[in-house]
Amino acid sequence: MLAAKNFFTQIKQQYDRGLPFVAYRKPVPENTVISGESGVIKALLQKDATLHVVKDFSEKGFVFSPFDQKGQTVLMPYSDTEILFSRLMGKTGDQGKGNKKEEEEIKTNSADREKHVTLVRKGVEAIRKGKLEKVVLSRNESVPISDNDPISIFQRLLELYRDAFCYIWYHPETGLWLGATPETLLHIRGCVLHTMALAGTRKFTGTTKVKWGEKEKQEQQVVTDSIVDSLRFRVKSLKISAAGTHRAGNLIHIKTDIQATLIPEYKTKNIAPLLHSLHPTPAVCGFPKEEAKRFIRENEGYDRSFYAGFLGELNVDITPGPVTDPHNRDSALYVNLRCMQIKGDSALLYIGGGITRDSVPESEWEETVHKSQTMKRVLR
Ligand SMILES: C=C(O[C@H]1C=CC=C(C(=O)O)[C@@H]1O)C(=O)O
């Protein structure tokens with residue numbers, strides 16, 4: 001375990017050399033005692049600038065996968081990297097309850113606002129007329145930055161968002177990405193699988209004891225139902241928690257935890273079939289999936305790139321043992337939300353929200369402004 005200062009200096013040197021790396025910390029749930037694996041920040045420093053891609057998800061390493069699965073999933077293989085560990089102590093910083101600038105941004109009749117409101121209106125119309133039940137519509141926004149040290153932005157993410165999966169990823173072919181996502185796509189440890197249905201958003205106003213409206217509950221239920229459907233024939237003993245409120249920085253969401261045991265046939269396979277049936281879930285795409293994908297492709301008007309894709313550890317050995325033993329593997333993949341791409345002296349933020357027949361376009365715009373604060377709060 002390296003001292004934090006040494007750890008971040010080594011990552012910075014790697015970045016200055018233009019070589020690929022990823023550094024990340026898994027979520028540390030509230031009231032967790034920081035010990036053992038919890039709160040560990042890990043970094044993989046690739047030895048050269050090769051672009052490794054995933055062929056069938058039997059590989060071992062850290063993956064970075066785009067929203068559109070026709071695109072390449074980039075791999076940082078464990079075999080080709082130096083691995084560093086550190087741990088960040090100290091208390092969580094102020095995750096924020098909103099500010100004056102945010103309120104102004106909501107009201108300003110900007111071109112971004114007009115564009116997003118029009119897009120959402122079109123989405124609501126399509127839902128009311130056709131087969132589409134839900135579609136997640138997003139936008140990107142460029143924010144000027146003066147801080148040219150992305151490692152310090154990453155440190156601020158780690159301090160602010162304990163309960164999120166925080167990362168910084170760099171490869172010359174994909175560029176520099178950072179994020180703090182509240183959403184787990186898939187965690188498989190041996191034959192035990194864990195995932196979540198996360199949707200419905202409000203601003204955090206000091207409490208998680210809130211009464212959710214019908215629109216939000218319906219939007220989240222679509223996600224739970226679709227995940228359960230994708231898993232049904234691949235697992236046994238499916239456990240679905242009651243829906244609860246989950247805090248993510250300055251926001252709250254509705255969350256259902258889903259846990260299952262893989263059936264023997266799937267235990268022995270790699271996780272590709274599971275991933276392909278789960279991703280993208282209606283939390284980032286919509287329902288039915290193909291109709292939602294088509295609507296996004298034809299109407300969003302920009303490339304989501306790695307936003308709403310997934311990232312994380314693939315096939316880590318839990319304990320030393322035969323590498324072919326699937327009971328001995330651990331994969332922890334997260335949905336790439338609340339993220340941004342740093343390009344020179346600006347940050348490109350990606351934000352979206354679930355649209356149903358009852359969505360109010362102006363409120364959906366407001367929601368994206370609130371969501372954009374997760375990243376804006378760490379920019380200087
Ligand atoms: C698509 C995003 O969030 C998803 C996750 C939680 C809540 C969501 C919502 O309320 O719309 C979205 O489904 C995003 O942050 O860009």
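R338 sits in the loop between β17 (329-335) and β18 (339-343); helices (H or I, at least four residues) and strands (E, at least two) are DSSP runs, numbered from the N terminus. The model is a predicted one, in which local features need pLDDT of at least 70 and side-chain atom pairs count only at pLDDT 80 or more, while totals for chains, interfaces and linings use all residues. Residue numbers start from 1 along each chain as its sequence is written.

Back to R338: its phi is near 45°, a positive value in a residue other than glycine. R338 counts as buried because it has 28 C-beta neighbours inside 10 Å (20 or more other C-beta atoms within 10 Å make a residue buried, 12 or fewer exposed, anything in between partly exposed, with C-beta atoms placed from the backbone). S237 is another non-glycine residue with a positive phi, of about 45°, and belongs to strand β12 (residues 235-240).

One runs from H279 to P280, with omega near -10°, and P280 lies in the loop between α7 (272-278) and β15 (286-287). Another joins F287 and P288, omega being about -10°; P288 is found in the loop between β15 and α8 (289-299).

As for the overall layout, the chain splits into domain 1 (4-95 + 146-178) and domain 2 (100-145 + 191-376), with bounds that come from an automatic or database domain assignment. The C-alpha centres of the two domains are 20 Å apart. Across the boundary, 30 residues of domain 1 are in contact with 31 residues of domain 2, contact meaning C-beta atoms, placed from the backbone, within 7 Å. On the domain 1 side, β4 (61-65), α4 (150-160), β8 and β9 (175-181) each supply at least two residues, and β4 gives the largest share, five residues. That side divides into 16 nonpolar, eight polar and six charged residues (Ala, Val, Leu, Ile, Met, Phe, Trp, Tyr, Cys and Pro count as nonpolar, Asp, Glu, Lys and Arg as charged, and the others, Gly among them, as polar).

The largest nonpolar core has 95 residues, and V22, A23, L157, Y167 and L178 have the most contacts inside it. Such a core is a set of buried Ala, Val, Leu, Ile, Met, Phe, Trp, Tyr and Cys residues joined through C-beta atoms within 7 Å. Strand β8 (residues 165-171) provides the largest share of this core, six residues, and at least three residues come from each of domain 1 and domain 2. Residues up to four places away in sequence aside, A23 touches I11, I41, K42, A43, F154, Y167 and I168.

V143, in strand β7, is partly exposed, with 13 other C-beta atoms within 10 Å. Its C-alpha atom is 8.8 Å from that of L379, 236 residues away along the chain. Beyond four places in sequence, V143 is in contact with S346, A347, L349, K376 and L379.

Around the ligand there are 17 residues, of which T201, A283, G352, G353 and G354 come nearest; a residue is near if its C-beta atom, placed from the backbone, lies within 6 Å. β7 (134-144), β11 (192-203) and β19 (346-355) are the elements giving two or more residues to this shell. Seven of the shell residues are nonpolar, seven polar and three charged.

Technical notes
Contact = placed C-beta atoms within 7 Å.
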